[in-house]
Amino acid sequence: GFYGCGKQKDDKLVKIRLNEVVRSIFYAPMYAAINNGYFKDEGIEIELSTGQGADKTMQQVLSGNADIGFCGPEQVIYLYNQGRDDYAVLFAQLTKRDGSFLVGRTKEENFQWENLKGKTVIGGRPGGVPEMSFEYVLRNHGLTPGKDVNVITNLAFTATATAFKSGTGDYVTLFEPTASMLQKDASGYIVASIGKASGEIPYTCFFSTKSYMEKNPDIIKKFTRAIYRGQLWVEKSKSEDVAKAVISFFPGSDIDVLTMVVDRYKAQDTWNKTPELKEESLSRLMDVIQSYKADLIPKRPPFTDIVNNKFAEDAVKNIK
């Protein structure tokens, strides 16, 4: 029969080196695409490495140590503005909003952002998109960071939850699974989603150098198809099934916590339904960054220079 037509034997798989910014359940559709065999179906074997920072992921791609990078598109914008010939081009989007949550000391059913006036919040790293998104939300609610709200930004990413638990601050901004874990042991309560409040932005995307894309359009096409299948599968699957499909990427994790996190991400519409990037959401990301510090983006790159939606459109058209 025709079953397996177009599928290659494992020894024929093309190895693609993918560098992700961090390891996070936030990226579930990508891990599902790997573990469900969608890349293999496309004749691709993924060799995954973790950059531990968006700038580091970009460096891996530019130095040729990775074929494809996965991080926030701000890196692609910054690089374009540096005037490099072989700049980076975005071709697929995975998450469409910030993934962090505001955690307080008590349950607040009717939390209003205006409540933060005069309060102390443990934020993120200065100049990081999570911190910029948080400050964007504050400004949109008439609050000036540093004046109306005291924001602590000098703690290491890994130390913020511990500092909050030991009594620092009235609130803390946290990513998952840390936010849910704090709530699980009753040392904090999620009061708001920063991603919901800041609106849709292309938070994490896949990119390659322009030259790699020109030389390997077929690889990019197949890669994007696998990602799209991962997005479709997560969209229609139960949170527990998603957690089970990706738990191998999180050794030692509790399946209940992972399920809870996937549930929360589904509820706030975290994942892009397709790999396509929208111009308006990339513009909103630039608003977020420029409202934080205008000279980070002295001029906005033309959308069509830094985004190629062709591969995403092809996937959407051909996979149901």
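Mentor: Let us begin with a single residue. T270 has 0% relative accessibility and therefore counts as buried. Please keep in mind that this is a predicted model.

Trainee: Where in the chain is T270 found?

Mentor: T270 belongs to the loop between α12 (255–267) and α13 (279–292).

Trainee: Which residues is T270 in contact with, leaving aside its neighbours within four places in sequence?

Mentor: They are F26, T95, K96, R97 and Y265.

Trainee: Let us turn to the cysteines. How many disulfides does a search of the whole structure find?

Mentor: The general idea is to look at the distance between sulfur atoms, since a disulfide requires a pair of cysteine sulfur atoms within 2.5 Å. Here the search of the whole structure finds 0 disulfides.

Trainee: How should I read a sheet? In what order do the strands of the open sheet come?

Mentor: One reads the order of the strands, then the sense of each pairing. In this model 5 strands form an open sheet in the order β2-β1-β3-β10-β4, with mixed pairing. At the edges stand β2 (44–50) and β4 (88–95); each has a single partner strand, so one side of each is left without a neighbour in the sheet. From one strand to the next, the twist averages 25°.

Trainee: In which sense, parallel or antiparallel, does β1 pair with β2?

Mentor: Strand β1 (residues 14–20) pairs with β2 in the parallel sense, over 7 bridges. Within this pairing, L18 stands opposite L48 in β2. β1 also runs parallel to β3, to which 3 bridges join it. There, I68 in β3 is the bridge partner of L18.

Trainee: And in which sense do β3 and β10 pair?

Mentor: β3 and strand β10 (residues 204–209) pair in the antiparallel sense over 3 bridges. F206 in β10 is the bridge partner of F70.

Trainee: Which way do the residues of β3 point?

Mentor: In strand β3 (residues 68–71), I68 and F70 point one way, while G69 and C71 point the other way; all are buried.

Trainee: What does the domain assignment give for this protein?

Mentor: The assignment gives domain 1 (14–97 + 201–318) and domain 2 (100–198). Their C-alpha centres lie 25 Å apart. Domain 1 gives 25 residues to the contact and domain 2 gives 23 residues.

Trainee: How many residues of strand β5 are buried?

Mentor: Strand β5 (residues 100–104) is mostly covered, with 5 of its 5 residues buried. S100, L102 and G104 point one way from β5, whereas F101 and V103 point the other way.

Trainee: Which residue stands opposite V103 in β8, and which in β9?

Mentor: In β8 it is V172, and in β9 it is I190. β5 pairs in the antiparallel sense with strand β8 (residues 171–175) over 5 bridges. β5 also pairs in the antiparallel sense with strand β9 (residues 189–193), over 4 bridges.

Trainee: Which side chain makes a polar contact with the side chain of D86?

Mentor: The side chain of S211 does so, at 2.6 Å. A polar atom of the D86 side chain also lies 3.3 Å from the backbone nitrogen of K210. As for S211, this residue has its place in helix α9 (residues 210–215). S211 counts as partly exposed, at 22% relative accessibility.

Note on methods: Residues are numbered from 1 along each chain as its sequence is written. This is a predicted model: local features need pLDDT of at least 70, side-chain atom pairs count only at pLDDT 80 or more; totals for chains, interfaces and linings use all residues. Side-chain values use heavy atoms; hydrogens and water are left out. Helices (H or I, at least four residues) and strands (E, at least two) are DSSP runs, numbered from the N terminus. Buried means under 20% relative accessible area, exposed over 50%, partly exposed in between (1.4 Å probe, protein chains only). Contact means heavy atoms within 4.5 Å. Two strands pair if DSSP finds at least two bridges between them. Axes are lines fitted to C-alpha atoms, for helices over the stretch in contact, and angles run from 0 to 180 degrees between N-to-C directions. Domain bounds come from an automatic or database domain assignment. A polar contact is a pair of N or O atoms within 3.5 Å; within protein, one must be able to donate a hydrogen and the other to accept it, and residues adjacent in sequence count only if both atoms are side-chain atoms.
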